[in-house]
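Here is a short tour of one chain, written to be read alongside the structure. We will start with a term, move on to the overall picture, and then look at helix packing and a few individual residues.

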Amino acid sequence: MPQSFVTFSRNVFIPLTNVCRNKCGYCGFRRDMGHPEAKLLPPDEVAAILSKGARAGCSEALFTFGERPEEVDGFSTWLSELGYGNIIDYLVDLCKLSLRIGLLPHSNPGILERRELEKLKPFNASMGLMLETAGTVKAHEGCIGKIPLERIKTIEYAGELKIPFTTGILVGIGETWEDRLRSLKIIRDIHERFGHIQEVIIQNFIPKPYTKMASHPAPGINEMIKTVSTAWETLPDDVAIQVSPNLIPPGELVECGASDLGGISPGTIDYINPEAPWPNIKELQTMVSSPLRERLPIYPQFVKKKWFSSEIAPLIPRLCDAEGFRKAYK
Ligand code: SF4
């Protein structure tokens with residue numbers, strides 16, 4: 001059942017802003033405007049992270065940040081001080097910067113309009129949005145960006161635009177087993193229509209201190225084995241199942257169908273789960289019995305189909321081997 005190797009990518013994590021219009025019950029990343037840790041990274045800080053990543057052999061710049069922060073009072077002033085009217089235009093320029101430095105952008109800006117995806121597509125090798133759950137959960141109460149139909153719409157727009165895409169489910173946030181199964185079937189059906197889903201993350205909820213869900217139980221390994229096995233049975237063969245090795249030991253999950261370990265960063269922390277350090281690549285290999293193989297943020301099948309823009313194209317031969325995986329890095 002498991003494939004003969006397990007993939008991962010080497011990335012830098014860029015938490016562009018921790019200001020967000022949503023207030024998910026499990027989030028330990030978001031900060032209110034006025035909080036001393038609320039921030040928007042300026043271009044020079046982003047450039048420093050990207051350059052450090054390029055020196056460390058990374059191929060991916062992962063831009064993950066709060067959703068539509070402009071809707072939070074005061075944030076637009078920060079953006080206008082940098083010369084931007086909205087976060088998407090700022091992100092486009094940072095993706096261009098990333099390409100100049102030699103890293104392929106993968107952006108996760110939350111739910112987007114089709115025209116916003118069109119703007120980002122030329123400068124991203126792939127993009128992502130977790131479905132999280134198709135169910136209605138208390139954890140998402142009052143979060144306009146967590147309405148499942150809105151998230152599904154963004155994933156479908158990405159399909160229409162042929163953007164290689166990452167999505168996934170968050171396990172243990174109060175959803176039922178039926179919600180989980182329905183979420184996986186929705187992702188499967190979208191992929192059958194558009195063919196753009198490259199990986200589905202099966203991410204285990206981890207309670208964070210000082211959040212509403214600080215004492216909510218995390219799913220155990222058996223729950224995760226059952227969920228990964230169900231994902232493997234439900235999803236098409238050309239969609240990778242990803243688990244996060246800094247959040248759960250991946251060995252048994254690989255045995256039941258997980259085939260990707262996501263982005264491992266040699267130089268930045270997981271800002272969403274700062275308490276959970278990423279293993280280095282040697283440690284990662286000891287966690288699974290199959291050999292590791294490094295990939296790019298765009299999966300080999302999409303490299304072969306040339307689902308990338310002329311802006312991305314110059315980096316493909318530089319980073320990619322003949323099979324569409326990461327060229328050996330020395
Ligand atoms: S989990 Fe994401 S969408 Fe929810 S509050 Fe945190 S940053 Fe915002």
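A residue counts as buried if 20 or more other C-beta atoms lie within 10 Å of its own, as exposed if there are 12 or fewer, and as partly exposed in between. Glu132 has 25 C-beta neighbours inside 10 Å, so this residue counts as buried. Please keep in mind that the model is a predicted one.

**The chain as a whole**

Eleven helices and nine strands make up the list of secondary-structure elements in the chain. The C-alpha atoms fill a box of roughly 55 × 45 × 40 Å along the principal axes. How does the radius of gyration fit with what a compact globule would have? For 330 residues, a compact globule would come out near 20 Å, and the chain has 18 Å, which agrees. Of the 330 residues, 45% count as buried. Among contacts with a separation of 6 or more, 75% are between residues 24 or more positions apart.

Two packed helices are described by the angle between their axes and the distance between the axes.

| Helix pair | Angle between axes | Axis distance |
|---|---|---|
| H1 (residues 43–55) and H3 (residues 87–101) | roughly 30° | within 10 Å |
| H5 (residues 148–160) and H6 (residues 177–194) | about 20° | 9 Å |
| H6 and H7 (residues 221–234) | roughly 30° | within 10 Å |

Let us begin with H1 and H3, whose axes cross at roughly 30°. Angles under 35 degrees count as roughly parallel, and that makes H1 roughly parallel to H3. The crossing of H1 past H3 is right-handed. On the H1 side, the contact is made by Pro43, Val46, Ala47, Leu50, Ser51 and Ala54, while H3 contributes Leu94, Leu97, Ser98 and Ile101. Sorted by class, this contact has eight nonpolar and two polar residues, and no charged ones.

Next come H5 and H6, with their axes at about 20°. These two helices are therefore roughly parallel to each other, and their crossing is right-handed. Ile152, Ile155, Glu156, Gly159 and Glu160 of H5 meet Ile186, Ile190, Arg193 and Phe194 of H6. What classes of residue does the contact of H5 with H6 have? There are five nonpolar, one polar and three charged residues.

H6 also packs with H7, their axes coming within 10 Å. Here, too, the two helices are roughly parallel to each other, because the axes cross at roughly 30°. H6 passes H7 in a right-handed crossing. The residues involved are Arg180, Leu181, Leu184, Lys185 and Arg188 of H6 and Thr227, Thr230, Ala231 and Thr234 of H7. This contact divides into three nonpolar, three polar and three charged residues.

**A closer look at Thr230**

Thr230 sits in helix H7. Is Thr230 buried, exposed or partly exposed? With 17 other C-beta atoms within 10 Å, Thr230 is partly exposed. Setting aside neighbours within four places in sequence, Thr230 is in contact with Leu181 and Leu184. Thr230 and Arg180 are 50 residues apart along the chain, and their C-alpha atoms are separated by 9.4 Å.

**A glycine in a strand**

Gly262 belongs to strand E8 (residues 260–264). This glycine is buried, with 25 other C-beta atoms within 10 Å. Beyond its neighbours within four places in sequence, Gly262 is in contact with Phe8, Ile201, Gln242 and Ser244. From Gly262 to Gly66 the C-alpha distance is 20 Å, across 196 residues of sequence.

Most residues other than glycine have a negative phi. Where is Glu132 found? The residue lies in the loop between strand E4 (126–128) and H5.

Lys306 has a positive phi as well, of about 60°, although it is not a glycine. Its place is in the loop between helix H10 (300–304) and helix H11 (315–319). Lys306 counts as exposed, because it has 11 C-beta neighbours inside 10 Å.

Technical notes
Residues numbered from 1 in each chain as written. Predicted model: local features only at pLDDT ≥ 70, side-chain atom pairs only at ≥ 80, totals over all residues. Helix = DSSP H or I, 4+ residues; strand = E, 2+ residues; numbered from the N terminus. Rg over C-alpha atoms; globule rule 2.2 N^0.38 Å. Contact = placed C-beta atoms within 7 Å. Axes fitted to C-alpha atoms, helices over the stretch in contact; angles between N-to-C directions. Parallel < 35°, antiparallel > 145°, perpendicular 65-115°, else oblique. Left-handed = near helix turned anticlockwise from the far one by under 90°. Nonpolar A, V, L, I, M, F, W, Y, C, P; charged D, E, K, R; others polar.
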